[in-house]
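Okay, thanks for coming, everyone.

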Amino acid sequence: MKRFVCLALTLVLLLVTVGCKGGNAVSENISAEVSSSALSSAVSSAVSEVEEELPTSEQILNGEDPKLYELAIDNEGNKARLAALMKKAEKGGSFVIGAIGGSITQGAGASGEKRRYVNHVFNWWKENFPKATFTLVNAGIGASNAEMACYRLETDLLSHNPDFVIVDFSVNTYLNNDQIGTYQTLLYKIMSQKNSPAVMSVHFTSTVAAEYEKGGKAVRANVYPNDQIKAAIKKYDIPSVNYDNYVWTRIDQRAIRWKNIGADYIHPSDNGHKLAGYMFAAYLSKVKANLNNESTAIPALPKLDTEKYLNLDYVINTVSGATAVGFTKEGNSTPQTRGWKYISGAANASLTVPLPKNSNVVLFLNFGDTEGKITLKGANGATKTLDITVKHNHVLMPFGAMGNSVTIIPEITKGDFRILGIGIEK
């Protein structure tokens with residue numbers, strides 16, 4: 001880049017010299033089309049670019065890039081909710097920091113919970129408001145999308161009354177045919193809570209998996225966020241951290257390499273998680289620094305474009321009256337570990353779960369190199385069978401109306417699976 005700028009500067013200076021000599025058609029044309037002030041401006045701009053040094057990889061990884069804010073914050077959004085929260089936290093009190101998203105929010109790629117980007121953001125709040133106490137609620141589930149989150153939002157996040165929420169999902173758009181509707185619904189439901197939570201979005205990135213797995217080559221997979229998610233963010237005017245833009249800008253400039261911040265083709269390493277934390281800190285610190293001048297008047301919340309995803313609910317393994325054969329009830333403490341797990345090879349296995357009403361049923365399933373089929377039988381007589389061959393993924397599977405209870409009958413020839421929960425309509 002600097003060589004190119006130097007060449008451009010040389011050409012500009014050459015043209016200036018030719019123009020000064022005069023007496024030929026070339027110099028006359030230059031004099032007519034380009035004023036001396038314009039040439040001076042071009043030269044100054046070129047000199048400025050030549051003098052600008054890219055940050056070192058160490059500066060980037062330590063959050064010391066002078067352009068961190070400029071490249072990572074793609075929507076400053078309305079700051080009123082954040083300002084109101086910070087002014088409360090300055091005086092003390094108890095607050096909940098929450099996050100909902102996919103595997104990166106859950107912590108994939110980080111070597112431990114304390115090294116997740118969510119924890120780095122959590123620590124920022126604790127360090128900057130020592131009079132207050134904070135609790136972290138991480139509702140990230142790997143390979144889940146915004147539609148899945150619409151079902152489990154209240155159970156996994158809103159039931160904890162969060163005061164500040166991070167919304168992920170930009171790289172998890174597969175199996176979601178209405179990204180703008182589901183993403184809008186998440187923002188709307190969070191922001192419409194009585195305690196007026198502050199919300200920020202984050203947009204991670206990925207490389208082309210086949211290229212990476214073939215030889216570690218990092219090729220940008222997509223540009224995040226997509227237009228649908230951008231539209232939802234614009235509608236609700238929330239601050240937005242664009243990890244994707246920052247990382248690829250600096251990679252393209254060869255200031256950093258994917259291996260410096262990536263644990264695999266998509267998940268950040270400890271360095272990547274920390275870098276994302278610095279991006280949030282850059283924005284939050286700027287709001288805090290200008291807190292006395294920030295308005296706390298929260299604007300009216302725009303109406304949803306669709307209410308299709310507004311009244312959804314989630315039945316989990318704490319429901320009373322469930323009966324299981326060949327399934328084990330797993331931990332209830334976190335969304336990531338909770339569920340009913342099918343015992344591989346169990347004979348005559350079945351799981352019957354009561355439902356609060358006759359509702360369309362959606363299963364949240366986690367497969368691990370699984371082959372076979374699953375049959376659902378509803379109390380209303382409905383029966384539906386699904387053949388499955390899944391390597392490893394979380395999948396949302398719609399099965400239609402099942403009455404006031406549903407029985408799940410697995411016929412698995414290989415592997416196992418876990419039912420995280422059952423999505424229903426309220």
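Let's start at Asp244: it's buried, with a relative accessible area of 0%. One thing to keep in mind throughout is that this is a predicted model. So what does Asp244 pair with? Its side chain meets that of Arg220 in a salt bridge, at 2.5 Å from N to O. Asp244 belongs to helix α13, residues 243-252, while Arg220 is in the loop between α11 and α12, so the bridge ties together parts that are 24 residues apart in sequence. Arg220 itself is partly exposed, with a relative accessible area of 29%.

There are 13 salt bridges in the structure, and here's another one I'd like you to find. Lys426 and Glu154 meet through their side chains at 2.8 Å, N to O. How many residues apart in sequence are the parts this pair ties together? It's 272, because Lys426 lies in the segment after β14 and Glu154 in helix α9, residues 146-156. Lys426 is partly exposed, at 42% relative accessible area, and Glu154 is partly exposed too, at 29%.

Within that, the side chains of Lys79 and Glu76 meet at 4.0 Å, N to O. Glu76 has 32% relative accessibility, so it counts as partly exposed.

Okay, on to helix α15, residues 270-289. Quite a few residues of α15 are buried, including Gly272, His273, Leu275, Ala276, Met279, Phe280, Tyr283, Leu284 and Val287. Here's a handy bit of background: an α-helix has 3.6 residues a turn, so residues three or four places apart point the same way.

That takes us inside. The largest nonpolar core has 53 residues, and Leu82, Tyr117, Trp125 and Phe164 have the most contacts within it. Which element gives this core its largest share? That's α15, with 8 residues. Take Tyr117 as a way in: leaving aside residues up to four places away in sequence, it touches His273, Ala276, Gly277 and Phe280, among others. Its other contacts include Ile104, Ile166, Val202 and Phe204. Apart from that core lies another, of 37 residues, with Leu153, Leu187, Tyr236 and Leu312 among them.

That's my tour, so over to you for questions.

Definitions and conventions: Residues are numbered from 1 along each chain as its sequence is written. This is a predicted model: local features need pLDDT of at least 70, side-chain atom pairs count only at pLDDT 80 or more; totals for chains, interfaces and linings use all residues. Side-chain values use heavy atoms; hydrogens and water are left out. Buried means under 20% relative accessible area, exposed over 50%, partly exposed in between (1.4 Å probe, protein chains only). Helices (H or I, at least four residues) and strands (E, at least two) are DSSP runs, numbered from the N terminus. A nonpolar core is a set of buried Ala, Val, Leu, Ile, Met, Phe, Trp, Tyr and Cys residues joined through side-chain atoms within 4.5 Å. Contact means heavy atoms within 4.5 Å.
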